Amino acid sequence: MSVLLFGVSHRSAPVTVLERLSTDESDQAKIVEELLRSSLVTEAMILSTCNRVEVYAVVEAFHGGLSVVGQVLSDHSGMSLGDLTKYAYVRYAEAAVEHLFAVTSGLDSAVIGEQQVLGQVRRSYAAAESNHAVGRILHELSQRALSVGKRVHSETGIDAAGASVVSVALDMADAKLSGGQERSDQGGVSGLAGRSAVVVGAGSMGALAAAHLVRAGIGRVHVVNRSLPRAERVVANLRSQGVDAHAFPFDHLPPLLTDADVVVSCTGAVRPVVSLADVHRGLAHGQEPKQLVICDLGMPRDVDPAVAGLPGVYVIDMDRIQREPSARAASADAEAAKAIVAAEVANYLAGQRMAEVTPTVTALRQRAADVVEAELLRLDNRLPGLDSAHRDEVARTVRRVVDKLLHAPTVRVKQLAGAPGGDSYAEALRELFELDPQAVDAVAGGELPLPSDVDKTE
């Protein structure tokens, strides 16, 4: 059983392809359910963010698992399997582990080092767990990935600037509104200070956008959301910081655009929520021509692509953000993060290989215990008059001999199993001692407990 990754991201596909693959929570539940219908897939988790859609599946075999995952995603996206694979990347076993660790650490993000991906991986795991799609393998892998991500952010300067998709987009908006002038030295952003903003979407990214706007010295914020109470919670937080803020339902968006200087949209909706007509009406009611900067952070996109063609409107989308130099971490910090990921991958894989050999070691010790008991029974039959004290001493002696003979090879095989290719040692042990494969599988499945007389020094 190994982990298979099938993914499409900003590095492998254009935004239009990512939009077709984008999933919400209900989509993910359906995809996971369909994957688990196959006998070739035993666990599954979907990581869907603004710049990637990845399926992590525990599969019986590579080719069979790949065929199942590819077909399910093809059906979901409406793309042919051939077209989908043009943009996809596949990782298996060790390579899949390395990729997830790198993703969770922010090394594969559009903005290198962003911390948001940590929360996204955590939510993906929680969703898969709630859908009963996570077993031991994905549980251990996900928890270790989250631990690695935290370590990278705490031990390197990869996120020293606090960069995220939101912060990079608003920095670009600032530069556009300030006409390329120098930033303010007061900690704010000169192009956004005192301006009017509309935040479309009151989820985690919308709240983050609002927080960045506050730090930029924004003058007024209107929060638009389908659920008004969620928008009001974001607004309450803004008002507590002295910001003029108001919450509105979606149908109030067009008139709010009249006085807006910057719009940040991040709803996670499956189709555009900011239409060409909305923006056109908003601009038409303005007192004079002005510039409007729209940050489209949704995936699929929140803003109708035609909006970018309106005079005075500048759209910052994921494609623009990915090309922005500030989205790249400093070389030294990125290299330090990569070194941590490489070390953590090696440690994780070594631990997994050692865990895989444990059933063989346990089965061997159980086999030895069975042999000892059989020989003691034979002794009882041959020497029925042997008193219990002598019989117990013989039994202890035989068990000590067996334990000492098995101690070195069983400890050593665990040590050797931690190295690449270490599974061959467990296979050799099974061959040398003629262990029944079904007995080993029974231990792995938790059906056969560890014997009570196992050497505790191991």
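Helices are DSSP runs of H or I with at least four residues, strands are DSSP runs of E with at least two, and both are numbered from the N terminus. I looked up the count on that basis: the chain has 17 helices and ten strands.

**Entry 1: the model.** I noted that this is a predicted model, in which local features need pLDDT of at least 70, side-chain atom pairs count only at pLDDT 80 or more, and totals for chains, interfaces and linings use all residues. Residues are numbered from 1 along each chain as its sequence is written, and side-chain values use heavy atoms, with hydrogens and water left out.

**Entry 2: confidence.** I checked pLDDT, the predictor's confidence in each residue on a scale from 0 to 100. Its mean over the chain is 85, and 89% of the residues reach 70 or more.

**Entry 3: the whole chain.** I looked up burial, where buried means under 20% relative accessible area, exposed means over 50%, and partly exposed is in between (1.4 Å probe, protein chains only). Of the 458 residues in the chain, 48% are buried. Taking contacts between residues at least 6 apart in sequence, I read that 74% join residues at least 24 apart.

Entry 4: Two strands pair if DSSP finds at least two bridges between them. I traced an open sheet in the order β2-β3-β1-β4, with antiparallel pairing. Strands β2 (41-49) and β4 are the edges, each pairing on one side only. Inside the sheet, β1 (residues 2-9) and β3 (residues 52-59) run antiparallel and are joined by eight bridges. I found S9 opposite R52 in β3.

**Entry 5: helices on this sheet.** For angles, axes are lines fitted to C-alpha atoms, for helices over the stretch in contact, and values run from 0 to 180 degrees between N-to-C directions. Helix α2 (residues 25-36) packs on the sheet and touches β2 and β3, its direction making about 155 degrees with that of β2. Helix α7 (residues 136-155) lies across β1, β2 and β3 and runs at about 35 degrees to β2. Which residues of α7 are buried? I listed I137, L138, L141, S142, A145, L146, V148, G149, V152 and H153. They are on the same side of α7 because they cover an arc of only 160 degrees around the axis; the arc is that of the directions from the helix axis to the C-beta atoms.

**Entry 6: strand β8.** I then turned to β8 (residues 262-265), which pairs in the parallel sense with β5 (residues 196-200) over four bridges. Four bridges also join β8 to β9 (residues 292-296), again parallel. V263 is the bridge partner of V198 and stands opposite I294 in β9. V262 and V264 point one way from β8, V263 and S265 point the other way, and all are buried. In a regular strand the side chains alternate between the two faces of the sheet.

**Entry 7: the start of the chain.** M1 lies in the segment before β1. M1 counts as partly exposed because its relative accessibility is 47%. Leaving out residues up to four places away in sequence, I found that M1 touches T42, V58, V59, E60 and I137.

Notes. Contact = heavy atoms within 4.5 Å.
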